[in-house]
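I opened this notebook to keep track of what I looked up, entry by entry. The sequence and the structure come next.

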Amino acid sequence: MNNCGTSHWLPSKEDKMRTLKEHQYHRSLDEFLRRCDQEQVMLKWIQNNFSRVLDKIPSSLNGETTRFIGVGCGNGIMDVEMLKKASELHPRLHNIGIDPNGDALGVFKERVQTEPRLDNVNIEWTQETAEKYQNVPPKSFTKEAPRSHFIHMLHMLYHVSSIEGAIQKYYDMLVEGGVMLISLASRSNNQLYNTFKKFETLQSNQTNSSPIERNDKRYSDDVIAVLEKLGFEYSVESVEYRLDVSGCLERKTEGGKLLLDFVCLTNAAQSYETLSEENQRVLIDCLKESCTSTEDGKNHVKLTFDIITVVKSLEGAIKEQVNGIK
């Protein structure tokens with residue numbers, strides 16, 4: 001799922017009359033990734049800041065293997081960068097990449113084969129959903145390798161039925177002092193989110209307008225609320241990126257239509273084409289008001305995502321032992 005850690009909210013397959021089919025959704029996602037610098041920004045963050053995360057990971061003792069899990073790893077573009085950094089500090093690494101998309105996992109494997117710095121990293125690929133994996137004890141969770149030292153969930157909590165369930169299950173898979181890294185879109189400083197909030201307000205004031213679907217997309221504050229409820233130790237860092245929406249305003253190119261479908265699906269739970277003509281016009285007007293024009297004539301909106309670092313505390317480990325989790 002995670003092409004950038006870029007798994008985004010995916011509509012229900014059963015709702016095909018109002019949303020895109022899965023193939024069309026992935027085309028619209030690819031267009032979104034082409035039009036924004038989210039991948040580049042996340043890669044830069046890993047290059048500049050991931051060492052701070054690695055410093056929190058417990059040191060391996062007596063030649064013990066350091067164990068990583070990438071949940072929703074997708075094509076592995078972020079995993080490879082993190083593993084290269086980790087291999088400098090942890091000579092023995094074992095990584096499990098989990099994703100339901102077999103094609104994406106194939107790209108991940110190709111990336112690893114062309115990266116000599118990962119020759120000594122043992123990588124296991126599992127074609128599975130995050131939820132199914134979390135509910136089936138992995139074969140690698142033996143007495144010799146009971147827990148993982150690091151688990152990442154980059155832009156993938158849009159897909160799970162329960163954020164709390166997923167976080168709790170994977171937190172349980174961490175060793176004492178282990179680290180979980182989560183990224184998810186933020187409502188703060190998010191011009192696209194503000195565009196759709198204004199659109200919803202204007203649409204609700206139109207008595208003859210067709211209703212739009214409620215936005216059920218998950219955001220970082222939803223994750224933070226879960227972490228607070230569970231009493232987990234965490235820190236948050238906000239990261240800004242930009243999306244070129246010039247094609248959306250023109251609405252004439254195939255790319256522009258695909259991008260409109262993606263931003264509508266992830267912010268209004270339906271594709272652009274299913275909006276009434278009046279709602280299409282109102283949405284474009286709202287989008288124009290949010291844009292910033294650049295010298296090259298392009299129009300951008302600013303978005304943010306939050307990177308949340310969760311550290312498994314000694315107190316949490318004691319609670320697990322009390323509850324019989326070993």
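I began with E115, whose place is in the loop between α4 (102-113) and β3 (121-127), where helices (H or I, at least four residues) and strands (E, at least two) are DSSP runs numbered from the N terminus. This is a predicted model, in which local features need pLDDT of at least 70 and side-chain atom pairs count only at pLDDT 80 or more, while totals for chains, interfaces and linings use all residues. Residues are numbered from 1 along each chain as its sequence is written, and side-chain values use heavy atoms, with hydrogens and water left out.

Leaving aside residues up to four places away in sequence, E115 touches V80 and K84, contact meaning heavy atoms within 4.5 Å.

Next I turned to the aromatic rings. Rings of Phe, Tyr and Trp (its six-membered ring) pair if their centres lie within 6.5 Å, and planes under 30 degrees apart count as stacked, over 60 as edge-to-face and the rest as tilted. By this rule I noted nine aromatic pairs. The pair of F50 and F150 is edge-to-face, because the ring centres are 5.5 Å apart and the planes stand at 70°. F50 lies in helix α2 (residues 38-56) and F150 in strand β4 (residues 148-154), so this pair ties together parts 100 residues apart in sequence. F50 is buried at 0% relative accessibility, and F150 is buried at 1%.

Conventions. Buried means under 20% relative accessible area, exposed over 50%, partly exposed in between (1.4 Å probe, protein chains only).
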